[in-house]
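Please keep the structure open while you go through the points of this note, and look up each place as it comes up.

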Amino acid sequence: AAEAARAGTAPRLIDIHLGADGRPAIGFAAPVFAVQGAASPAARVGRLVGVMPLTDDFFDRLRQPGATAETAETYLVRRDGTTIAYLTPLLDGSAPLAKRLAADTEDLAAAFAMAQPGGFALRRDYRDREVLVTGRAVAATPWTLVHKIDRAEALAETDARGRRLLVYLLLAL
């Protein structure tokens, strides 16, 4: 597959970008080969390009059906040089591709998810709130799928139980 990509005989993704109308769009480019010929760079006679706007339907698919957590959020990010670009709408009201943060921001949740796909950690999100975060690399794209929930919401019951146990311990003493 890597050899086909270098030779220009593999389809390519046109990454999420802002289209001419200012809305996010995505596309593809696929080689077109001569009717009688091998799938080699020399037999390529053109390239088919398709671009389509990303609608709310695409972004809605990132929401977990039936989820009741108010602060749980799933979004796509990619690295753009020294920054991390947030590709999807965010809970803070940011539009797709509107937010960028420095990749070396201390304890940034998205940077952790990109550096350690499948990892799980306590970090800070784009709103500078403490969150539990995990992420997955999306195959054949430069994207990382990040899922996070505010620490306060995720561990509310555990924290309450710890406080109760501490009170009981102090009363017993």
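1. The model is predicted, and its confidence, given as pLDDT, averages 89 over the protein, with 92% of the residues scoring at least 70. Residues 1-5 have a pLDDT below 50, and beyond near neighbours in sequence this stretch has three contacts in the model. Where pLDDT is low, the predicted coordinates should not be read in detail.

2. How many of the eight residues of β9 are buried? Six of them are, so that the strand is mostly covered.

3. Strand β9 pairs in the antiparallel sense with strand β4 (residues 73-80), and this pairing runs over six bridges; within it, Tyr 75 stands opposite Val 146 of β9. Strand β8 (residues 130-137) also pairs with β9 in the antiparallel sense, over seven bridges, and here Val 133 has Lys 148 of β9 as its bridge partner.

4. Strands β8 and β9 form a hairpin with five residues between the strands, and in this hairpin Ala 140 takes a positive phi near 65°.

5. Turning to another part of the chain, you will find an open sheet of three strands in the order β1-β2-β3, with antiparallel pairing. Its edge strands are β1 (12-18) and β3 (44-53), each of which pairs on one side only, and the twist from one strand to the next averages 20°.

6. Within this sheet, β1 and strand β2 (residues 24-33) pair in the antiparallel sense over five bridges, and Ile 14 stands opposite Gly 27 in β2.

Technical notes:
Residues numbered from 1 in each chain as written. Predicted model: local features only at pLDDT ≥ 70, side-chain atom pairs only at ≥ 80, totals over all residues. Heavy atoms only, no water. pLDDT = per-residue confidence, 0-100. Contact = heavy atoms within 4.5 Å. Buried < 20%, exposed > 50% of the residue type's maximum accessible area, 1.4 Å probe, protein only. Helix = DSSP H or I, 4+ residues; strand = E, 2+ residues; numbered from the N terminus. Pairing = 2+ DSSP bridges. Axes fitted to C-alpha atoms, helices over the stretch in contact; angles between N-to-C directions.
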